[in-house]
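Reader: I am new to this structure. Please show me how to read it.

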Amino acid sequence: MIETKKILLTGANGLLGQKVAELFRHETSHELILTDLHENAFEPRGFDYFPLDITRKEDVKDAFKKYTPSVIINCAAYTNVDGCETERELSWKVNVDAVKHFIIASRVNSAKIVHISTDYIFDGKSGNYSETSKPNPISYYGKSKLAAENALITSGVDFTIVRTMVLYGTGRNLRPNFVTWLVNMLAEKNSVRIVDDQFGMPTIVDDLGWGLVKIVNMGKSGIYNICGSEYLSRYEFAVKIAGVFRLNENFIVPVKTGDLNQAAPRPMNSSFILLKAQTDLGIKPLNVTEGLSLLKIQLGL
Ligand SMILES: NC(=O)c1ccc[n+]([C@@H]2O[C@H](COP(=O)([O-])OP(=O)(O)OC[C@H]3O[C@@H](n4cnc5c(N)ncnc54)[C@H](OP(=O)(O)O)[C@@H]3O)[C@@H](O)[C@H]2O)c1
C-alpha cells in the first residue's frame, strides 16, 4: 500500500516538469500542486497551479506554509548551459540559492526534497560515473548544480538527488530540445553541424519521470543516476534521429567541439553506471531507437 503524499512540483512548465506532472497525475494517487516562474503553459484550466519565483525566499516559505507539501520535486533550473557563463548571478540564484530556500522551508514541514542534477558536475574525462564518483565540474552550470547537490547533502533534510543527461521529449509550449530541433531542421532540409567528439547517454523524459515516480512511491533517498541505456556520440545520435523520423541524414555534417565556439566547456565523455537505479528502483531505461520511436508516436508523426 503506497502512502498518499502531497507533492509540490517546481518547473512544471518545463520539459521534465510537464512529464512528471502527467505521470504523477495519471499513474499515482498523490496530490499534486504545480508551480513555475510564469503562468501555466500547458493546461488551459491550470488547476492546482500557482506561479512562484523560487529565488524569492519569503515566497518559497509562504508556499510551503500554505500548501504543506510532504515532498517537493524540483524540476526548475536555469538550464541554458552557455547562458550560465554570462548570467552567473541569476543562474546561481535559481540553481543554488533556491535549493537553499527549499532546505530551510523543508525543515519546518519535514518535507523531502527530490532534486534533479546533471552529468555536467563531472569533467567528462573518464566517463563511467557511478553515484560515488568524484565530481569536477568544468562549466559554471556544472558548478552551480554541484553546489546545490552539496547544499542538500550537508543539510540534514531528507533528500534524493537524481542525476540525468541529454533530456529529450515533447510537451506544450516548450523550447526545442536537441531531438525536436533536429527533426524540424532536417524536415525543412537545413544543413546542421553536429559534434562527433562529445559522447553521452540521451534520455527520454518518460524514463526519468518513471524513475521519479518509483523514488517517491518507494520513499528512496540518496543519489541516483537515471539516463538512457545507450552511449553514443552526438553525431551518431543525430543520425539515429534521422533514421527513426525518416529524414535525410545527408544534411548532418560532423564537426569537432572546437569548431562550435560554445561559451561553456562540455564534458566530452559522459556515461553513467545505471546499476543502482536498475536494482533499487527496478527501472529499465530505453535505448536510443526505442526512446525516439516512443517520441515519434507522442508527436503523432
Ligand atoms: N535538459 C537536459 O538535457 C538536462 C540534462 C541534465 C539535467 N537536467 C536537469 O533537469 C531538470 C529539468 O530540466 P528541463 O530540461 O526540464 O528544464 P527546462 O525545460 O528549462 O525547465 C526548467 C523550468 O524552470 C523554470 N524556472 C527558471 N527559473 C525559475 C525561477 N526563478 N522560479 C521558478 N521557475 C523557474 C523555467 O521557466 P522559464 O523557461 O520561464 O525560464 C522552466 O519552466 C533541471 O534541473 C536540469 O538542470 C536537464
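Author: Start with contact: two residues are in contact if their C-beta atoms, placed from the backbone, lie within 7 Å. Helices (H or I, at least four residues) and strands (E, at least two) are DSSP runs, numbered from the N terminus. Here, the buried residues of helix 5 pack against helix 3 (81-86), helix 4 (88-109), strand 5 and strand 6.

Reader: Which residues of helix 5 are buried?

Author: A residue is buried if 20 or more other C-beta atoms lie within 10 Å of its own, exposed if 12 or fewer, and partly exposed in between. In helix 5, the buried ones include Tyr-140, Tyr-141, Lys-143, Leu-146 and Leu-152. The rest of the structure largely encloses helix 5, because 10 of its 14 residues are buried.

Reader: What span should helix 5 have?

Author: The expected span is 1.5 Å times one less than the number of residues. For the 14 residues of helix 5 (residues 140-153) that gives 20 Å, and the end C-alpha atoms are 20 Å apart, which agrees.

Reader: How far is the model to be trusted?

Author: This is a predicted model: local features need pLDDT of at least 70, side-chain atom pairs count only at pLDDT 80 or more, and totals for chains, interfaces and linings use all residues. Residues are numbered from 1 along each chain as its sequence is written. pLDDT is the predictor's confidence in each residue, from 0 to 100. The protein averages 97.

Reader: Which element gives the most to the shell around the ligand?

Author: A residue is near a molecule if its C-beta atom, placed from the backbone, lies within 6 Å of it. Helix 1 gives the most, with three residues. In total, 25 residues surround the ligand, with Gly-11 and Ala-76 among the closest.
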